[in-house]
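I opened the notebook to walk through one structure, entry by entry. The sequence and the fold come up next.

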Amino acid sequence: MRFTRAIVRPPSRTFADGLTHANLGKPDLEKARVQHATYCSALEHCGLTLTFLDPDDKYPDSTFVEDPAVLTTHAAILTNPGAASRNGEVSGIASVVSKFYARVERVRAPGTLEGGDICQADDHFFIGLSQRTNPEGARQLAEILAAHGYTSSIIDIRNATTVLHLKTGMSYLGDGRVIAMEEIADDPAFAEYEVVRVPPAESYAANFLRINDHVIVAAGFPGVAAAVRGFGHEIIPLDMSEFRKMDGSLSCLSLRF
Ligand code: CIR
């Protein structure tokens with residue numbers, strides 16, 4: 001799967017007021033802006049053309065653009081975020097997504113779903129059931145994906161206390177390989193995949209981004225970096241400290257398509 005574009009939105013002045021359970025302290029906005037700019041340069045280095053949305057003070061979590069939409073080659077799907085404070089982010093994302101996709105689908109109430117719970121593995125999608133994505137939201141997405149020729153499976157992370165979204169704890173590296181934190185590594189949905197387990201001390205790095213010929217990883221997690229390199233990938237390590245304080249990881253900061 002090759003990507004050519006991504007949508008990003010720099011953190012707003014209200015960034016530190018967003019939702020978080022990380023207990024890592026208040027993020028430094030200036031540092032977050034620098035980390036975001038470095039992240040954008042990394043995406044460009046991977047060959048992506050970026051569309052920048054303006055920071056939106058009304059929505060402190062809106063820099064995490066991954067959650068209000070799911071973009072695939074054949075379909076764009078707007079989500080219905082389970083976090084009430086984030087639900088209004090969808091309309092802003094809808095206007096930009098409709099510039100690139102002729103037809104845009106939607107997950108509707110009572111279904112809720114956030115993009116962080118959706119992990120694409122070639123023509124298959126893992127859909128996480130979480131505090132943000134409910135069974136009805138998952139059902140609607142699976143139906144939309146099936147109509148566009150994709151298969152999907154459900155992974156229930158509602159009891160995995162340390163994981164906000166499915167992709168907080170796993171990523172797809174390509175070539176049938178999943179890298180996942182201990183809490184979800186044994187899920188039956190991965191039965192036909194090669195699973196590389198991430199020990200608890202490095203679980204933050206289970207969220208990485210395979211983009212074309214590169215893999216962007218969170219800096220400071222040598223085990224995950226070595227595992228990814230071991231499969232022959234060139235890695236780009238990025239400092240994510242300020243986004244981590246707000247429960248955000250690498251994938252959350254962009255919509256790639
Ligand atoms: C939230 O709680 O919604 C944000 N503070 C973090 C969202 C992270 N997004 C993602 O994992 N896709």
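Which side chain makes a polar contact with the side chain of T151? I looked, and the side chain of H124 does, at 2.7 Å. For this entry a polar contact is a pair of N or O atoms within 3.5 Å; within protein, one must be able to donate a hydrogen and the other to accept it, and residues adjacent in sequence count only if both atoms are side-chain atoms.

**Ground rules.** I am reading a predicted model, where local features need pLDDT of at least 70 and side-chain atom pairs count only at pLDDT 80 or more, while totals for chains, interfaces and linings use all residues. Residues are numbered from 1 along each chain as its sequence is written, and side-chain values use heavy atoms, with hydrogens and water left out.

**Entry on H124.** I stayed with this histidine. H124 sits in strand β7, residues 124-129. Helices (H or I, at least four residues) and strands (E, at least two) are DSSP runs, numbered from the N terminus. The H124 side chain also makes a polar contact with the side chain of S153, at 2.8 Å. I then checked accessibility. H124 counts as buried, at 14% relative accessibility. Buried means under 20% relative accessible area, exposed over 50%, and partly exposed in between (1.4 Å probe, protein chains only).

**Entry on helix α1.** I tested the helix length. The 17 residues of α1 should span 24 Å at 1.5 Å a residue, and the end C-alpha atoms are 24 Å apart, which agrees. The expected span is 1.5 Å times one less than the number of residues. Next I listed the buried residues of α1: A32, Q35, H36, Y39, C40, A42 and L43. Seen down the axis of α1, these buried residues fall within an arc of 155°, so they line one face of the helix. The arc is that of the directions from the helix axis to the C-beta atoms. An α-helix has 3.6 residues a turn, so residues three or four places apart point the same way. On the other side of α1, I found V34 and H45 exposed.

D28 caps the N-terminal end of α1, with a side-chain oxygen 3.0 Å from the backbone nitrogen of E30. Just after α1, G47 takes a positive phi of about 100°.

**Entry on salt bridges.** How many salt bridges does a search of the whole structure find? I got 17. A salt bridge here is a side-chain nitrogen of Lys or Arg within 4 Å of a carboxyl oxygen of Asp or Glu. I picked out R13 and D57, whose closest N and O atoms are 2.4 Å apart. R13 lies in the loop between β1 (5-8) and α1 (29-45), and D57 in the loop between β2 (49-52) and β3 (69-71), so the pair ties together parts that are 44 residues apart in sequence. R13 is exposed, at 65% relative accessible area. D57 is partly exposed, at 28%.

I also noted D156 with R158, at 2.7 Å between the closest N and O atoms. D156 is partly exposed at 40%, and R158 is partly exposed at 36%.

Then I turned to K245 and E242. Their side chains meet in a salt bridge of 3.0 Å, N to O. Are these two buried or exposed? K245 is buried, and so is E242. Salt bridges that share partners join K31, E242 and K245 into one network.

I followed K245 to A16. The two are 229 residues apart in sequence but 8.9 Å apart in space, C-alpha to C-alpha. A16 is in the loop between β1 and α1, and A16 is partly exposed at 27%.

**Entry on a sheet.** I traced an open sheet of three strands, β9-β10-β11 in order, with mixed pairing. Two strands pair if DSSP finds at least two bridges between them. β9 (170-174) and β11 (194-198) stand at the edges, each with a single partner strand, so one side of each is left without a neighbour in the sheet. Five bridges join β10 (residues 177-181) to β11, and these two run parallel.
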